[in-house]
Structure formats: C-alpha cells, structure tokens
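Grab a pencil and work through these exercises with the structure open beside you.

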Amino acid sequence: MLFNYHQVTFTAAETIQAKQVHECELEQYDHKVKHYHADNGIFDSEEFWESIQITDQRITFSSVGAHHQNGKAERAIQTVVDKARSMLLHVSIHWPEAFSMDLWPYAMDYAVFIYNHTPRFTDVVAPIEHMGNCYMNCKHLARCKVFGCPVYVLAAKLQDGKKIPKWKPRDQLGQFLGFSPKHLSLVGLVRNMSTEHMLPQWHLVFDEHFKMVAPSDNNDN
C-alpha cells in the first residue's frame, strides 16, 4: 500500500519523520516494519542508519542506477504520478479558471487513495484489503468523485438547521480535491474559491461533468 507525504526532496530529518509517520500508519493495521529496501542517497545517510538501528530494523539498497531492483515500488509510484498528472490536465481543460499547479499535492493524495482502493487484476484484492486483511467490496472507490470538479456546499446556517432569508444563496461554489485525511468517513475536501482555504465538507452536490463552469466558446466559425 502507498503512502503520500507531499514532499519531493527530503532532508535526513524529514526522511526520518516520514518513516515514523509511515510506521504509525502501518501499526493501525497491526504491521511492524522489519526491513527496508531503498535507493541510495538520503537513505544511506548516517542519521537514517541510526534510526534503523534504534528500531532494530534492517535495510538493503539497490545498485546505483539500477531502479529495476526496486521495481514494484518504482512501478507503483509511476502509476500514481500518471494518475495525478491526468487529473490535473483534466481540470486545466474543463475548468481553467480553477486550475493551479499548487493543486498537485491534493492530486497526488487522491491518486494514492484511488490506487490503494483499486483491486488488482492478479487477485481482485485492493492493497488496503491486503493491508487490513479485510474485504471492502470497493465501497469507498464507488463513492469517489471527479477530482477538481465544481461542488456546491450547502450554506453553513442550513447545515446547522437554521433558516436564512428566502432570496439568499443556499449554497456556495467550491472545488472538490479529494477526501479529508483527518476524518473517519469520506468527508470531502473542498477548496473555497473566494478564500483559497481547503475545508472538510459533508453536504455537497457535485458537478462531475463541469457543466456549470464550461469555458465559453469564443471561436467565430
């Protein structure tokens, strides 16, 4: 199963911190890391070696330039990157006003989520099912929405059961950027188009075909 930590280049301290986060995630599934196989670089630093020794773990390395020796991980990473790139390109075509390269961390997170919940052709089991030793029947995958699509958020007062004036807008336009990592259920992570804040939201209506924000056709044919 893949985990995404948003950073491209890690220092030794950041690498160790990411390692600790990774191991905490695995502990939720009653798994303990005994051995790492990695590229060289920062993983061969003195600080990282110390973190390996403290936790009584082992580490081996691929030969320099021999990425095929870590082929499964390299293939999985490339698959996720391709998914994220495709999602960003899709947004840039269908909603150029809302497109920004700053959205790439959210695209990567969503691509990882989809990868972890997609059954494999070999055994028809998703990575997260392997990790948790459970059967989820694609229930989370079935609830996924199109990344970057417009989403309409119910007004806060209406969410709280309060009333608003009859002619006031009852919703606000946002952009769907995946699911909130801080909530147990599939709470949507929505970009506020006015403030640029990313907020977890539940009462949502999705425009997955980008019909309400379709770019105008100015071609004179």
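**Exercise 1. Find the residues that line the largest cavity of this predicted model, and sort them by class.**

Solution. Start with the list: the lining is made up of H117, P119, A126, I128, E129, M136, C138, K139 and H140. Next, sort them. Five are nonpolar, two are polar and two are charged. To see how that works, remember that Asp, Glu, Lys and Arg count as charged, so E129 and K139 go in that group. Last, check the volume: the largest cavity holds about 50 Å³ of space. The structure has one cavity of 30 Å³ or more.

**Exercise 2. Work out how helix 4 sits in the structure: what is its span, and how many of its residues are buried?**

Solution. First, locate helix 4 at residues 104-117, a run of 14 residues. From first C-alpha to last it reaches 20 Å, close to the 20 Å expected at 1.5 Å a residue. Now look at burial, where the cut-off is under 20% relative accessible area. Among the buried residues of helix 4 are P105, M108, Y110, F113, Y115 and H117. In total, 11 of the 14 residues are buried, so helix 4 is largely enclosed by the rest of the structure. For the protein as a whole, 35% of the 221 residues count as buried.

**Exercise 3. Trace the aromatic rings: which residues do ring pairs link into a cluster?**

Solution. A search of the whole structure turns up 10 aromatic pairs. Take F176 and F179 as one of them: their ring centres are 5.6 Å apart, with 70 degrees between the planes. Planes over 60 degrees apart count as edge-to-face, so that's the label for this pair. Both F176 and F179 are buried. Now widen the view, and ring pairs join Y110, F113, F147, F176, F179 and F206 into a cluster. While you're looking at rings, check Y115 too: the charged end of R120 sits over it, 4.2 Å from the ring centre.

**Exercise 4. Compare two loop residues with positive phi, D56 and E196: where does each one lie, and is it buried, partly exposed or exposed?**

Solution. Begin with D56, whose phi is about 55 degrees although it is not a glycine. D56 lies in the loop between helix 2 (46-54) and strand 2 (58-61). Its relative accessible area is 71%, so D56 is exposed. Then turn to E196, also not a glycine, with a phi of about 70 degrees. E196 lies in the loop between strand 5 (188-192) and strand 6 (198-201). At 41% relative accessibility, E196 counts as partly exposed.

Notes: Residues numbered from 1 in each chain as written. Predicted model: local features only at pLDDT ≥ 70, side-chain atom pairs only at ≥ 80, totals over all residues. Heavy atoms only, no water. 1 Å grid on protein atoms, 1.4 Å probe; cavity = no way out; pocket = protein on both sides within 12 Å on 5 of 7 lines; lining within 4 Å. Points joined across faces, edges and corners; volume = space filled by probe spheres on them. Phe/Tyr/Trp six-rings, centres within 6.5 Å; stacked < 30°, edge-to-face > 60°. Buried < 20%, exposed > 50% of the residue type's maximum accessible area, 1.4 Å probe, protein only. Lys NZ or Arg CZ within 6 Å of the ring centre and 35° of its normal. Helix = DSSP H or I, 4+ residues; strand = E, 2+ residues; numbered from the N terminus. Expected span 1.5 Å × (residues − 1).
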